[in-house]
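Dear colleague,

I am handing over the structure below, and my notes on what was found in it follow directly after. Please read them with the model open beside you.

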Amino acid sequence: MAVEDEDPPSVVTFPTEIILEILLRLPVESVLRCKSVCKSWYSLISDPHFVKCHLAISTRSNYYRQHRLVFNYTERNIIKFDNSSVFSTNQGTRIESCNLHDVLYDNSVNNALELDYPFKHPSKRVSIVGSCNGLVCIDVDKDVLYIWNPSTRISYRLPPTGTSRNRVGWYVLYGFGYDESTDDYKVVELYNRFIEPCETFIKIYSLKGGNWKNIDVCPHRYSFSDGHGKFCNGALHWAAGRGL
């Protein structure tokens, strides 16, 4: 990305405080384009403090005009045989995005855009583990985890957890969230045995630390039907119970 060597004359006539207030209220896509205006804007927008302030302002919006809904979309291939229809869902899964305001207030998902996520391939399925502060954690083909920013298209591939997903009688759930106390994004893995004795092995990945840590063994089985953990009010939530 080319950045101008000097600030254009029209920019220096405005106080930095005013420029900052304007940039903080722009959509993410516009802010990213503004990084190419000049070096001072690039430095300002790249500052972690600016990123946090921009996020705080955008999340206070009552009408969610700057929010995007990111969702899975599975294509179905219809095969007709002897006047009957057989549905095949093994055609891969797309990730699409639309304006959240349109969904909440217009009951519409028009203009949904297909996103190019990491390691995208027609034969590989993808599931969304969770999202937080504009970042999305995805599980590609039940093999690789990524933390991905759809706006900047920057992604980070997590190292393997060392857990076998093909072990009979076991299944894996994940959760993704933000730890405000340490200013760190974390991924939680729950490795569940759904036959007696029920137990769950827990691992946590720290984006700052860059590694997985074994945390505990829980004498409960987590509900597979509820899927990945839901991040709400600063914590991850699963439905859990003995023999659930």
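The buried residues of H5 are Phe 50, His 54 and Ser 58, and because they cover an arc of only 60 degrees around the axis (taken from the directions from the helix axis to the C-beta atoms), they sit on the same side of H5. In general, an α-helix has 3.6 residues a turn, so residues three or four places apart point the same way. These buried residues pack against helix H2 (16–24), helix H3 (28–34) and helix H4 (39–46), contact meaning heavy atoms within 4.5 Å. Helices (H or I, at least four residues) and strands (E, at least two) are DSSP runs, numbered from the N terminus.

This is a predicted model, in which local features need pLDDT of at least 70 and side-chain atom pairs count only at pLDDT 80 or more, while totals for chains, interfaces and linings use all residues. Residues are numbered from 1 along each chain as its sequence is written, and side-chain values use heavy atoms, with hydrogens and water left out.

Asp 183 lies in the loop between S10 and strand S11 (184–193) and Lys 52 in helix H5, so the pair ties together parts that are 131 residues apart in sequence. Asp 183 is partly exposed at 31% relative accessible area, as is Lys 52 at 47%. The whole structure has 8 salt bridges, and Arg 94, Glu 96, Glu 114, Asp 116 and Lys 120 are linked in a network of them.

Lys 203, in strand S12 (residues 199–206), is buried yet has no salt bridge, the nearest side chain of opposite charge being Glu 189 at 4.5 Å (Lys and Arg count as positive and Asp and Glu as negative, with His and the chain ends not counted). The side chain of Lys 203 does reach the backbone oxygen of Thr 161 at 2.6 Å.

Best wishes

Note on methods. Buried < 20%, exposed > 50% of the residue type's maximum accessible area, 1.4 Å probe, protein only. Salt bridge = Lys/Arg side-chain N within 4 Å of Asp/Glu carboxyl O. Polar contact = N/O pair within 3.5 Å; in protein donor to acceptor, adjacent residues only side chain to side chain.
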